[in-house]
Amino acid sequence: MNDEALLRYSRQIMLEAIDIEGQERLLASRVLVVGAGGLGSPVALYLAAAGVGRLTLADADAVELSNLQRQIAHGMADLQRNKACSARDSALALNPGCDIRAIESHLDEAALDEVIADVDLVLDCTDRFSSRYAINAACRRAGVPLVSGAAIRFSGQLAVFDPRDPAAPCYACLYPPGEGGDEELRCAENGVVAPLVGLIGCFQALEAVKLLSGAGTPHRGLSTFDGMTGQWRHFQVPRDPACPVCAGTG
Ligand SMILES: [Zn+2]
């Protein structure tokens, strides 16, 4: 790190749990963020600001006026632009030293495998169950940890799935496919209160910084937040021995 970097990251470096070594690990890390919407906006901005070395942002959608209520990486000048490109430009404005790549297409199974083979961590900031299952399966195949977030109406949740831990569950252990829990709940149809996506996205970014720098204890289980009451709840998530994705692996 040069003097400018030491100054830029000084408030993190002064933390005993991060220090120079943790910041160097962050600067050397490569992260994939799938989705550059409500969750992906704060994730991209905070991870770029915190000093993640290489960020790949993937989103096939274009910015619409109804997104601006909560997707704070985009502005009026970005309407109709691809969301990954718009979020990349916003994050680069914060930290031009970050290598930020935009993927403007939907990542199918083969594309996920290719991109995830070259990253240390994946953040799922999508709002479709089909994408969540595909990202989870690809992370299991590659042995790459996954920070999963979701937010709808006034409720949010976060979980970290780390296949490097042999006892850790995966997303499909928590939500077995085809058990009725995979009914689509999307902000476009159900609404979402603006700061909620910021809260959950920031929680995802925090867990990512911890995992990449080595600070603290990685999040275990499932955390849920009820914005109507301000209450957090925490649940253990056991590994499912019959899970269609992770049984017999790890
Ligand atoms: Zn599983």
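## Zinc site, ring pairs and salt bridges

Cys170 (SG), Cys173 (SG), Cys243 (SG) and Cys246 (SG) coordinate the zinc ion at 2.3 Å. Donors here are N, O and S atoms within 2.8 Å of the metal (3.2 Å for Na, K and Ca); water is not among the atoms, so sites may look incomplete. The model is predicted: local features need pLDDT of at least 70, side-chain atom pairs count only at pLDDT 80 or more, and totals for chains, interfaces and linings use all residues. Residues are numbered from 1 along each chain as its sequence is written, and side-chain values use heavy atoms, with hydrogens and water left out.

The four donor atoms subtend angles of 93 to 124° around the zinc ion, which makes the arrangement tetrahedral. Along the chain, the donors follow the spacing C-x2-C-x69-C-x2-C. Cysteine 173 lies in helix α8 and cysteine 243 in the segment after β8, so this pair ties together parts 70 residues apart in sequence. Helices (H or I, at least four residues) and strands (E, at least two) are DSSP runs, numbered from the N terminus. Cysteine 173 counts as buried at 10% relative accessibility. Cysteine 243 is also buried, at 3%. Buried means under 20% relative accessible area, exposed over 50%, and partly exposed in between (1.4 Å probe, protein chains only).

### Aromatic rings

Rings of Phe, Tyr and Trp (its six-membered ring) pair if their centres lie within 6.5 Å; planes under 30 degrees apart count as stacked, over 60 as edge-to-face and the rest as tilted. The count comes to six aromatic pairs. Phenylalanine 161 and tyrosine 171 form an edge-to-face pair, 6.1 Å centre to centre with 90° between the planes. Phenylalanine 161 sits in strand β6 (residues 155-161) and tyrosine 171 in helix α8 (residues 171-174), 10 residues apart. Both phenylalanine 161 and tyrosine 171 are buried.

The rings of phenylalanine 203 and tryptophan 232 are also edge-to-face, with centres 5.4 Å apart and planes at 90°. Phenylalanine 203 belongs to helix α10 (residues 194-213) and tryptophan 232 to strand β8 (residues 231-235), so the pair joins parts 29 residues apart in sequence. Phenylalanine 203 is buried at 17% relative accessibility, whereas tryptophan 232 is partly exposed at 40%. One aromatic cluster is formed by Phe129, Tyr133, Phe161, Tyr171 and Tyr175.

### Salt bridges

A salt bridge is a side-chain nitrogen of Lys or Arg within 4 Å of a carboxyl oxygen of Asp or Glu. The count comes to 12 salt bridges.

Arginine 30 lies in strand β1 (residues 30-34) and aspartate 120 in the loop between α6 (109-116) and β4 (121-124), 90 residues apart. Arginine 30 is partly exposed at 27% relative accessible area. Aspartate 120 is partly exposed at 28%. Arg30, Arg54, Asp118 and Asp120 are linked in a network of salt bridges.

Aspartate 89 is partly exposed at 32% relative accessibility. Arginine 81 is partly exposed at 27%, and arginine 88 at 23%.

Definitions and conventions
Four donors count as tetrahedral if all angles lie between 85 and 135 degrees; four count as square planar and six as octahedral if opposite donors are over 155 degrees apart and all others between 65 and 115; anything else is irregular.
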